[in-house]
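Thanks for coming, everyone. Please take a moment with the sequence and the model before I walk you through them.

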Amino acid sequence: MERGQMFREMEFLFRSGLGALSAKSGGLLIDPRRYLMAKVPDTPENMARCLCGGCPSFPGEGGFFCAKGKSTKDITRKGCLCSDCQNFKDFNLVDGYYCADGRAGEGAQ
Ligand code: SF4
Ligand code: SF4
């Protein structure tokens, strides 16, 4: 097995274990995945996955807020599509509303 792939698989197993631990705690513990949050790489491929443009809370400009940071516009929270986004799943994001709260790893998770 190529070394990079082995590392990714080890990381996946580690994250999965922490996720299971959090689930077992019944929400009583702070989700430990928050402390392992990878920022979403600001790449064209990841940007193309972004669902913000179709979101009811979309502020009308910008997008890909989990990587780019919060919008300069005021956000009215009418729902967030982030949990349906492949970036949300691939990078183990937790919260959403990055347009209002800032990029993943800087407060918003
Ligand atoms: S997680 Fe949210 S902000 Fe990030 S790319 Fe997906 S829809 Fe856009
Ligand atoms: S970050 Fe979430 S709430 Fe904000 S525009 Fe994107 S999908 Fe909508």
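I will begin with how to read the model, then turn to the fold, the confidence and the two ligands.

This is a predicted model, in which local features need pLDDT of at least 70 and side-chain atom pairs count only at pLDDT 80 or more, while totals for chains, interfaces and linings use all residues. Residues are numbered from 1 along each chain as its sequence is written, and chains are lettered from A and ligands numbered from 1 in the order in which they are written.

The chain has five helices and zero strands, where helices are DSSP runs of H or I with at least four residues, strands are runs of E with at least two, and numbering starts from the N terminus. Of its 109 residues, 20% are buried, meaning that 20 or more other C-beta atoms, placed from the backbone, lie within 10 Å of the residue's own.

As for pLDDT, the predictor's confidence in each residue from 0 to 100, the chain has a mean of 79, with 62% of residues at 70 or more. Confidence is lowest in helix α1 (residues 3–24), at a mean of 49, and highest in helix α2 (residues 44–48), at 98.

Which residues come nearest to ligand 1? Of the 15 around it, they are C50, L51, C66, C82 and C85, where a residue counts as near if its C-beta atom, placed from the backbone, lies within 6 Å. Helices α3 (65–68) and α4 (86–90) each give two or more residues to that shell.

Around ligand 2 there are 13 residues, of which C52, C55, S57, C80 and C99 come nearest.

Technical notes
A residue is buried if 20 or more other C-beta atoms lie within 10 Å of its own, exposed if 12 or fewer, and partly exposed in between; C-beta atoms are placed from the backbone.
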